[in-house]
Amino acid sequence: MTETKTNFQTLNELITNHIMTILNEEMSGWNRIHLYAIGEHWVAFERSAYALSRIFKDSLPITVLNMKNYPFPVIMCSVHYAEIEFGHPAFSFSKKTPDYRLIKIDTIDRDEYRAWHDDIVMYYLGDEDPDENYCN
């Protein structure tokens, strides 16, 4: 009998087994979105999460993760499969596999990304109210 994994189990395995590789990929470029399949959703981390949040006008769910072996909070967002596959025909896929998508985008602004990241983390920590333009 084949055992079906829950979305949580799939996400947990992705984070447990691949988070350092994912974060290294995120640090290597400012002009791509890395997406990872989790059930009917795609998840993105850090710079990719920022780029997606801009494309979808900050309507995506955002999660801040504290990793045991990583010293900084990691931001993750998710988007429904159909929004990526059918919602934005302008996406330029550099790579497509069943569990991964790489999308080429215009280079994101580093200062805007850092401000967005800081705002999300500060809100998560309860230190300030989020700017209404950064998260919902």
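1. Basis. The model is predicted: local features need pLDDT of at least 70, side-chain atom pairs count only at pLDDT 80 or more, and totals for chains, interfaces and linings use all residues. Residues are numbered from 1 along each chain as its sequence is written, and side-chain values use heavy atoms, with hydrogens and water left out. Helices (H or I, at least four residues) and strands (E, at least two) are DSSP runs, numbered from the N terminus.

2. The sheet. Six strands make up an open sheet with antiparallel pairing, in the order S3-S4-S2-S1-S6-S5. Two strands pair if DSSP finds at least two bridges between them. Strand S3 (62–65) and strand S5 (92–97) are the edge strands; each has a single partner strand, so one side of each has no neighbour in the sheet. Direction ignored, neighbouring strands of this sheet are turned by 25° against each other on average.

3. Pairing around S4. S3 and S4 run antiparallel and are joined by four bridges. Val 64 stands opposite Ile 75 in S4. S2 and S4 also run antiparallel, with five bridges between them. Here Val 43 has Ser 78 of S4 as its bridge partner. Six of the seven residues of S4 are buried, so S4 is largely enclosed by the rest of the structure. Buried means under 20% relative accessible area, exposed over 50%, and partly exposed in between (1.4 Å probe, protein chains only).

4. Pairing of S5 and S6. Five bridges join S5 to strand S6 (residues 100–104), and the two run antiparallel. Thr 97 has Tyr 100 of S6 as its bridge partner.

5. Helix H2 lies across strand S1 (32–38), strand S2 (41–45) and strand S4 (74–80), and runs at about 120° to S2. Axes are lines fitted to C-alpha atoms, for helices over the stretch in contact, and angles run from 0 to 180 degrees between N-to-C directions. Eight of the ten residues of H2 are buried, so the helix is largely enclosed by the rest of the structure. Among them are Ser 48, Ala 51 and Leu 52. The buried residues of H2 pack against helix H1 (7–27), S1, S2, S4, helix H3 (81–85) and H4. Just after H2, Lys 57 takes a positive phi of about 55°.

6. H2 against H4. Helix H2 (residues 46–55) and helix H4 (residues 110–125) pack at an angle of about 95°, and their axes are 10 Å apart. The two helices are therefore roughly perpendicular to each other (angles under 35 degrees count as roughly parallel, over 145 as roughly antiparallel, 65 to 115 as roughly perpendicular and the rest as oblique). On the H2 side, the contact is made by Glu 46, Arg 47, Ala 49, Tyr 50, Ser 53 and Arg 54; on the H4 side, by Glu 112, Tyr 113, Trp 116 and His 117. Contact means heavy atoms within 4.5 Å. By class, four nonpolar, two polar and four charged residues take part. Ala, Val, Leu, Ile, Met, Phe, Trp, Tyr, Cys and Pro count as nonpolar, Asp, Glu, Lys and Arg as charged, and the others, Gly among them, as polar.

7. Arg 101. This residue lies in strand S6 and is buried, with a relative accessible area of 8%. Its side chain is joined to that of Glu 85 by a polar contact of 2.9 Å. A polar contact is a pair of N or O atoms within 3.5 Å; within protein, one must be able to donate a hydrogen and the other to accept it, and residues adjacent in sequence count only if both atoms are side-chain atoms. A polar atom of the Arg 101 side chain also lies 2.2 Å from the backbone oxygen of Thr 97. Not counting residues up to four places away in sequence, Arg 101 touches residues including His 34, Trp 42 and Phe 93.

8. His 34. This residue is found in strand S1 and is buried, with a relative accessible area of 2%. The side chains of His 34 and Tyr 100 make a polar contact of 2.6 Å. Ser 48 and Arg 101 are among the residues that His 34 touches, not counting those up to four places away in sequence.

9. Leu 14. This residue is in helix H1 and counts as buried at 12% relative accessibility. Leu 14 and Tyr 36 are 22 residues apart in sequence, and their C-alpha atoms are 8.5 Å apart in space. Leaving aside neighbours within four places in sequence, Leu 14 is in contact with Ile 19, Ile 22, Tyr 36, Ile 38, Val 43 and Phe 45.
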